[in-house]
Amino acid sequence: MNVTELEQTMKQLGATGKGILAADESVATITKRFTALNIQSTEDTRRDYRELLIATPGLSDYIAGVILFEETLNQKAHDGTPIPELLKKVGILPGIKVDKGLIIMTNTQDEQITQGLDGLAERLTEYKTKGARFAKWRAVYAISNKTPSKMVIKENAHGLARYAAICQSVGIVPIVEPEILLDGDHTLERCAEVSENVLHAVFNALYKNKVKLEYMILKPSMVINGSKCTTKATPEEVAKATITVFRRTVPAAVPTINFLSGGQSSEQATANLNAMHTLYPNLPWNLSYSYARALQDYCMKTWAGNPKNVAAAQKAMAVRAKLNSLAATGKYKPTMEKETSTA
Ligand code: 13P
């Protein structure tokens, strides 16, 4: 394990007030998002959009790393510069989503597990030669009365830990992403119970696989009510529930926790992160963001596939990144949202 390399990457990705932009939607996912906005999804339009994001003026003030999908890692910008090079030029680290998506686990109630461990070391080595310095692997857990099952919790923890160990062995920092889905009518309390179980299992598996917690990033969901729950938790309630669970389960050796947004609105994801900092100023971990939708939604809508909208879309991206950067140190105020609407 090349510790110096991992240390350098962690230092950059864990910088106070900076976050990670998840721009690693699979072709199917980005196509779904584009289609909803009447944007054609082709290799070229996807490249144009991702180039727009990366070339946002001032992005590196708020974003330390961008997670790419394999397609983007291999693409070139309009001037011929490979996309990972473009990121490096602006002082942002390129990362790569390396899991191969979800499959149904046999003998469960249609619960999903993540695949992609076969040949992972070889793929990572190749991605590294192309500039990737960190990676992402996502596991999902659906909440219902009977799920997530013990089988799925165990299997997903095992996959995340094996992946993380392989990443570190080749000098790549792993983002460990156990996502408890927002879908459903579950309460905040039920989400807290599931989150505690899931995170215990994940850290137990990481320990058993000898993963060095100092060189990994945890990318969790917040502890929050389901999207169809009749009661909607306030930012303070989300912050209290999330930090209570994390204090019980996430060792202080983990340098940085970077949340996913999971379908929360842009404003909600920012306000919830901010509340964690205002209520808990002395947390053992850096607490920041690794959002896809909550960073990109306004930007993608503003762009709408039209080259004439690039500058306005980049402004929307910069505003959202700045607001989240402020939230990552507890300096965000909802009144600042006016700036977004004028972007
Ligand atoms: P969202 O912030 O849209 O949940 O995406 C984060 C992510 O990387 C999902 O894997």
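**Close-up 1. Residues lining the second largest cavity of the predicted model.** The second largest cavity is lined by Pro 178, Ile 180, Ser 195, Val 198, Leu 199, Pro 220, Ser 221, Val 223 and Phe 246. Two elements, strand E7 (173-180) and helix H8 (188-208), each give two or more residues to this lining, and H8 supplies the largest share, with 3 residues. Sorted by class, the residues around the second largest cavity are 7 nonpolar and 2 polar, with no charged residues, and the space they surround amounts to about 50 Å³.

**Close-up 2. The largest cavity and the residues nearest its centre.** A search of the whole structure finds 2 cavities of 30 Å³ or more, and the largest cavity has a volume of about 80 Å³. Its lining is made up of 13 residues, among which Ile 180, Leu 182, Ser 221, Met 222 and Ile 224 lie nearest the centre. By class, the lining of the largest cavity consists of 7 nonpolar, 5 polar and 1 charged residues.

**Close-up 3. Cys 191 and the closest cysteine sulfur.** The sulfur of Cys 191 finds its closest cysteine sulfur in Cys 229, and because the two are 10 Å apart, they are too far from each other for a bond; a disulfide would require the sulfur atoms to lie within 2.5 Å. The structure as a whole holds 0 disulfides. Cys 191 is also buried, having a relative accessible area of 2%.

Terms used:
Residues numbered from 1 in each chain as written. Predicted model: local features only at pLDDT ≥ 70, side-chain atom pairs only at ≥ 80, totals over all residues. Heavy atoms only, no water. 1 Å grid on protein atoms, 1.4 Å probe; cavity = no way out; pocket = protein on both sides within 12 Å on 5 of 7 lines; lining within 4 Å. Points joined across faces, edges and corners; volume = space filled by probe spheres on them. Nonpolar A, V, L, I, M, F, W, Y, C, P; charged D, E, K, R; others polar. Helix = DSSP H or I, 4+ residues; strand = E, 2+ residues; numbered from the N terminus. Buried < 20%, exposed > 50% of the residue type's maximum accessible area, 1.4 Å probe, protein only.
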